[in-house]
Amino acid sequence: MTKQLSAYSESSSKETIERHIMVVWVDNESGVLARVAGLFSGRGYNIESLTVAQVDDEKHISRITIATNGTFSVIEQIKAQLLKLIPVYKVASFKVDDKSIFRELALIKVITDKKNLEKAKKICNSFGAQYLDTTKTSFIVEFNSTRREIDRFIKELKPYGLASIARTGPLAMAKGAEITEVNKGKVL
Amino acid sequence: MSKQLTGAEIVFKALADHDVEYIFGYPGGAVLPLYDELVKHKNIKHILVRHEQGAGHAAEGYARSSGKPGVVLVTSGPGATNMVTALTDAYMDSIPLVCITGQVPTHLIGTDAFQECDTTGITRPCTKHNWLVKDIKDLPTIIHKAFHIATSGRPGPVLVDIPKDIQFQKTEYIKKEDVIKKINKVATDINSKEIEKIADLIVKSKKPIIYSGGGVINSGDKACELLKDLVRITGFPITSTLQGLGAYPGEDHQFVGMLGMHGTYEANNAMHDCDLMINIGARFDDRITGKIDKFSPRSKKIHIDIDPSSINKIIKVDHAIVGDVGNVLNKLIVVFKKKYPNFKNSNKENISEWWKQINKWREKDSLAFSQGNKTIKPQYAIQRLYELTKNQDTFITTEVGQHQMWAAQYYKFQKPKRWMTSGGLGTMGFGLPAAIGVQLANPKKLVVDIAGEASILMNIQELSTAVQYRLPVKIFIINNQYMGMVRQWQELLHEKNYSESYSEALPDFVKLAEAYGAVGIRAQTPDELDTKIKQMLKSDKPVLFDCRVEKVENCFPMIPSGKAHNEMILGAKDEKDTKISKQGKVLV
C-alpha cells in the first residue's frame, strides 16, 4: 500500500469520457481567443482542435468550435465556466449522435510519378474530392467530410505520394429547425 | 460639442462618479499623468503603500469590510506583476476590486520597452475581466464597465491597463448611467417550483443542517438578516465556512461552529449524518468536503449560489437555485411562512432527536485545550483577545496558517464583515495590509490583525503605511517561531521531518515596531497576557504585539488525509486515549 502523504489528493471520478464539440459565440475583440484557450489550459481541459471565424460582420460575433474530451460533469463545468467569460454570450455542446451535423475540411497534396499519380487520382475520384491544383507531378485536392471519413481517405492515399495534409477541426450544427438559445444563467 | 478631457481626467471623473473615497497605490513612470491629476481631486484620498501587493490586500480589506469595491492604482511592469497575488486572492474569495495599471505608450507595446509586461495576458486568469485601452474613445465606457463587472453577480477583481499616451489623449466623457443602461443584463428568475420543493424538504427533514458561506456576506446585510430569519423559523442547526463567519452570530445556540478541515466535531458530524443539507452561498471547497466519496452520504442536498459554475462542480446536488442569496432567501421565507406558519414549534419534536445527537457531539468539546501556568497557549491568547474585545465592534483580519484557524475557532463573530481572511488562495502577508484597508473604511473602530510571526514578515513594510496615515491597527502576533501549519503537517504527515519550517533569525518585534514609529509590546507568560492586551487596546498608535506562545501546539480538531467528516482527529485530550490514538496514527 502506498502511503498517502498529502491530504485530499485522490481522484475518485468513475464517469466515462466522451468526445464533445463545444461551440462558443463570442464578441470578436482582442484577447478573446486567449481567454477561451486559457480557460481550457488553466483548468486542465483538453483541446483536440479549435476553429474560429467571425460569423456576424455587423455585431462582430465569432464562432469558436472546440473539440474536447470529458465526462458529463466536466463538459457541464466547461460550459458553465465559458459562460462566465464576459465576451462569451452563448455556449452549446454537440455529441456524435443523430441530432447534429459535423464537418471537417482537409487540403491534401500528392507529389509522385505518373504511375502513382493515376492510382492516387482514382482514390480521390472514388471519395469525391475536388481538385484545386494539378501539375505533371502533383495535385492538391479538397475533401470535406466527417473526421472518420477523412482519416480513411488519408490512409488510402498514403502509399501513393501523399506529401502534405492541412485539416480544420470539426464544425458542428444542430439538425432540423433547432438553434442554440442564449443560455439562461448568463450573469455579468 | 461637449468638453474634451484627457485620459487621466476621465479616469478621475469616473472614479468620482463611482463614489470612490480611497485609492491604494504606488506611483511609477507609466502612471505619472494619473498622479498629476490625482492632486486636483481632494475627495479621493490616495494611500501610498510600500509594496504593490500591499495596495491590493489593503483594497481587499477595504472592500471586505465596507461592501464597496476597492480601487488600486499601480504602474506598469513590476507594479502590475506585484499585484498578481492580490488579484488572485480577490478572485478566489469573490472580492470586488478595480485595479488600474499604467502601461508603456501604445507605440512601444510589444518592443520589450522599459517596465513593459503583458499585463492583460498575465492577469487574464486572475481577474473576472480585464482590458487594455487602445483607443481613448473606449476609456470612459471601460472604466464604468469595470466597476459594474467587479460588483455585480459573483463579485471579483477587474483590471484596466492604460498606456501612458492614452492618459494624455483627449475625448468626451460618457456618464456612468449611459454605459450601465446599455449593458445586457440577463435576469435569472428564481424558480418558484424549486422554492416549493425546498420548503417541502425542510418540513420532511429529521436531521437538517444549514451550511452557509461567504456568498451570504457578499449578498449584503439584508441577506444575513434573512439567514437569521430562516434559522429562527426552522429551528435548524447552522454551520459556516471560514468566509461565512459572522453572517450568523457565533455565540448563538443554533450555531454549531465552523465546519471543514479544522471545523468543530459537532459541525462536521452533523454534515456527515444529516438527511438534508442546505448550502447557502458556499462552494463545497476541498477544505470543507474532505473525501468527496464519503461526503454526507445520506443527505438530500440543496445549493443556493449566484454562480452557475459552482453548481455540481464538486458535489452533485438534488436541488439548485442560481441567484442572489438575499433574493432567494427572501422568496423562500415568504413561501415557507405562508405554507407552514408556526413551523418551529410544530416541528420541534420532529428534530429533537437530531438536536440531542448534536448536543452529544458538542459534549466532546473539540476545541478544549489545557492552559498551564508557564507558557501561553495560542488558543488561550486568542480566547483572551476575544474576551477583552468582544464588547466593542471589533474587526479581525488574519494572515494564513495555524493562527488563522485558531482565530476562526476561538474568536466569535456576531456581525458580518467583521472577519477578513484569505481563505481561497491562503495568502500569507494578507492580514496587515488588509487591516489598513479595514481601518480606513471603519475609522473609529478597533482593527486587529491576528498574525503569525512568519506571515507578518511577508508584508511587514506596510507598518510604515499604518504609521504614515495614523491608522491604529493592532497586530497580534502568535509567535511560536515555526511556520506552525507547515510544522504541524510535517509532524502528522511527514514523520516529523521539520524541513525548513523553523525561523532561525526572527527580528525583535518590539524593537522593529519602534523602528517604524509604532508601539511594540511583548507578552511571555499567561498571567501577564491580559494586562498586556489591555495596554495594546489603550494605545492610539499602531501596535506590534509579540505574543510568545507554546512552540509545538497543533491545531485541532482536524480532518486528516483523504478522510471523511466523521473521521476527525481531536485535540491533545483525545491523543492520550490509546484506542483513538492508534486509529489516529492509521489515519495519517
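What share of the 588 residues in chain B is buried? Buried residues make up 54% of them, where buried means 20 or more other C-beta atoms within 10 Å of a residue's own, exposed means 12 or fewer, partly exposed lies in between, and C-beta atoms are placed from the backbone. This is a predicted model, in which local features need pLDDT of at least 70, side-chain atom pairs count only at pLDDT 80 or more, and totals for chains, interfaces and linings use all residues. Residues are numbered from 1 along each chain as its sequence is written, while chains are lettered from A and ligands numbered from 1 in the order in which they are written.

**View 1. Chain B as a whole.** The C-alpha atoms of chain B fill a box of roughly 75 × 60 × 40 Å along the principal axes.

**View 2. The largest nonpolar core.** This core has 172 residues; a nonpolar core is a set of buried Ala, Val, Leu, Ile, Met, Phe, Trp, Tyr and Cys residues joined through C-beta atoms within 7 Å. Those with the most contacts inside the core include V72(B), L97(B) and L227(B). Two residues are in contact if their C-beta atoms, placed from the backbone, lie within 7 Å.

**View 3. Around L227(B).** Leaving aside residues up to four places away in sequence, L227(B) touches S212(B), V216(B), A247(B), Y248(B), I280(B) and L329(B).

**View 4. A second, separate core.** Its 22 residues include M22(A), A80(A), L82(A) and F94(A).

**View 5. V334(B) and F236(B).** Here V334(B) is exposed, with 11 other C-beta atoms within 10 Å. From C-alpha to C-alpha, V334(B) and F236(B) are 17 Å apart in space, and 98 residues apart in sequence.
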